[in-house]
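Please look over the sequence and the fold shown here before reading on.

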Amino acid sequence: MEENSIHESHKDYLEFMKGAVASFAPGRIEFLGNHLDYNGGTVLGTAINAGIYALALPMEGTDFRLFSESFEGADISGSIPSLEKQSGKHSWGNYCLGVLRVLLDKGLAPNHGFSLTLTTDLPMSAGLSSSAAVELATAQCLLQLANQQVSKKELVNICRQAENKWVGLPCGILDQGTSAFGEKDKVVRIDCAKEEYSTLSLPLHTSFWIFDTGIKHDLVDSQYGTRNQECMDALNIIQNSDPSIQFLAECPGPLLEETEMPGNLKKRARHVVEEQNRVSLFSDGLQKGTSPAELGSLLTASHKSSSVNFENSLPELDFLVDCLSSEEKIFGARLTGGGFGGAVLAWTANTFSEKEALSIAEEYQKKWGNSPNFHSFKPSKGAGPHDPLLKPGESKEI
Ligand code: GLA
């Protein structure tokens with residue numbers, strides 16, 4: 001009797017879930033290549049084993065509903081033909097609605113209403129790009145509902161456009177590209193000028209730790225846009241001497257140094273040009289088997305340049321990088337992501353332990369009065385659709 005009712009309720013459940021689709025998109029760690037993506041440089045990132053899970057159900061009519069207890073202002077609803085930008089506690093919905101807007105413009109959106117539920121195990125505002133993960137998870141659900149398929153490259157562009165046009169952040173493709181192209185134990189290498197994606201193996205026995213200061217870095221309101229504009233201004237000046245240079249990251253170091261421009265622009269451009277060189281050295285070194293200790297010093301040099309040239313660090317982030325760099329088991333440390341808050345990445349030997357992380361957190365607390373959260377992540381596979389009826393942990397992919 002009991003078994004029968006369970007069977008019946010399972011049947012009802014399957015009926016209710018008819019047409020449901022699901023997806024997962026991981027967060028990412030910006031490994032090296034700070035602010036290079038929108039400057040046509042090459043960046044290195046890794047998708048991580050935490051992210052955004054999305055489940056969508058088709059609805060009759062043209063209304064949508066977005067729901068997520070992971071964000072403040074959990075419930076958002078509206079009508080697809082009259083999409084409106086969200087504000088305040090509903091701002092998270094813009095990452096979903098931006099994607100919907102782009103899909104509508106491209107004729108790739110479902111032609112009916114839907115409800116979309118998101119959940120996450122990603123620390124928020126920690127520089128791990130929960131926003132790109134929301135975009136990718138949303139896009140993959142909506143594309144499935146619409147019975148449409150796009151390449152990973154197009155998926156990345158759809159999500160970048162959502163962010164550029166709807167959210168208003170002039171970002172590049174680092175976040176979306178890493179989340180889409182991630183692979184287990186690999187670093188994703190993106191040539192942002194050519195939009196070419198490849199992966200590189202990381203040395204064995206190394207780990208990633210994230211130390212999150214908890215300082216909010218809402219990039220739309222931070223100086224991200226100002227930095228982007230400064231880079232474009234520097235590029236314009238350089239193009240007066242050499243019009244063949246299309247992107248700031250392409251500019252040879254000596255040409256930059258001999259070009260006259262305001263001091264702040266020179267510093268921003270120096271960060272970009274030197275960072276591009278660090279990424280090349282890192283990628284070549286990885287392929288040649290250079291030791292992690294030697295490679296890691298490029299990460300710490302990147303942070304120094306963020307602090308001095310790009311001025312997207314904070315004293316709290318500098319402090320963490322200094323503490324981390326003096327640890328023997330840490331190869332390199334740097335702020336990860338846009339900066340102006342957020343988190344520091346430490347690339348460590350995999351013998352680096354929670355106890356050691358805790359002692360760094362205590363040092364930070366003594367100085368700043370609060371403790372950073374820390375997490376260790378594994379380079380993991382990229383975004384993809386899932387069968388919504390599978391139990392967690394079951395991994396049959398569609
Ligand atoms: C943010 C942006 C990315 C990239 C990084 C800085 O994460 O979303 O596109 O510009 O900052 O490298």
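A residue is called buried when its relative accessible area is under 20%, exposed when it is over 50%, and partly exposed in between, with a 1.4 Å probe and protein chains only. The model is a predicted one, in which local features need pLDDT of at least 70 and side-chain atom pairs count only at pLDDT 80 or more, while totals for chains, interfaces and linings use all residues. Residues are numbered from 1 along each chain as its sequence is written, and side-chain values use heavy atoms, with hydrogens and water left out.

The chain is divided into domain 1, residues 2-200, and domain 2, residues 203-377, bounds that come from an automatic or database domain assignment. The contact between them, where contact means heavy atoms within 4.5 Å, takes 35 residues from domain 1 and 44 residues from domain 2. The C-alpha centres of domain 1 and domain 2 lie 26 Å apart. Between domain 1 and domain 2 an area of about 3200 Å² is buried, and carbon and sulfur atoms give 67% of it; buried area is the accessible area (1.4 Å probe) that two parts lose on being put together, summed over both. Of the area that domain 1 buries against domain 2, Phe 31, Leu 32 and Asn 39 supply 21%, more than any other three residues.

Polar contacts also cross between the domains. A polar contact is a pair of N or O atoms within 3.5 Å; within protein, one must be able to donate a hydrogen and the other to accept it, and residues adjacent in sequence count only if both atoms are side-chain atoms. Between domain 1 and domain 2 there are 16 residue pairs in polar contact, both residues being at pLDDT 80 or more. The elements that give two or more residues to the side of domain 1 that touches domain 2 are strand S1 (21-32), strand S2 (42-59) and strand S6 (186-191), and S2 gives the largest share, 6 residues. Helices (H or I, at least four residues) and strands (E, at least two) are DSSP runs, numbered from the N terminus.

Arg 334 lies in strand S9 and Glu 30 in strand S1, so the pair ties together parts that are 304 residues apart in sequence. Both Arg 334 and Glu 30 are buried, and across the interface of domain 1 and domain 2 the rule finds 1 salt bridge.

Arg 334 is also among the contacts of His 303, which, leaving aside neighbours within four places in sequence, touches Ser 313, Leu 317, Asp 318, Val 321, Ala 333 and Leu 335 as well. His 303 lies in helix H9, residues 292-310, and is buried, with a relative accessible area of 5%.

Elsewhere, a salt bridge joins Glu 230 and Arg 268, whose closest N and O atoms are 2.7 Å apart. Glu 230 lies in helix H6 and Arg 268 in helix H8 (residues 263-288), so this pair ties together parts that are 38 residues apart in sequence. Glu 230 is buried at 10% relative accessible area, and Arg 268 counts as buried at 5% relative accessibility. Through salt bridges that share partners, Arg 227, Glu 230, Lys 267, Arg 268 and Glu 311 are joined into one network. In another pair, Arg 101 and Asp 105 meet at 2.9 Å, N to O; being 4 residues apart in helix H2 (residues 93-105), they are separated by about one helical turn. Arg 101 is partly exposed, with a relative accessible area of 28%, whereas Asp 105 is exposed, with a relative accessible area of 55%.

Thr 213 sits in the loop between strand S8 (206-212) and helix H6 (224-241), and counts as buried at 3% relative accessibility. A polar atom of the side chain of Thr 213 lies 2.6 Å from the backbone oxygen of Gly 342, and the backbone nitrogen of Ile 215 lies 3.1 Å from a polar atom of that side chain.

Definitions and conventions. Salt bridge = Lys/Arg side-chain N within 4 Å of Asp/Glu carboxyl O.
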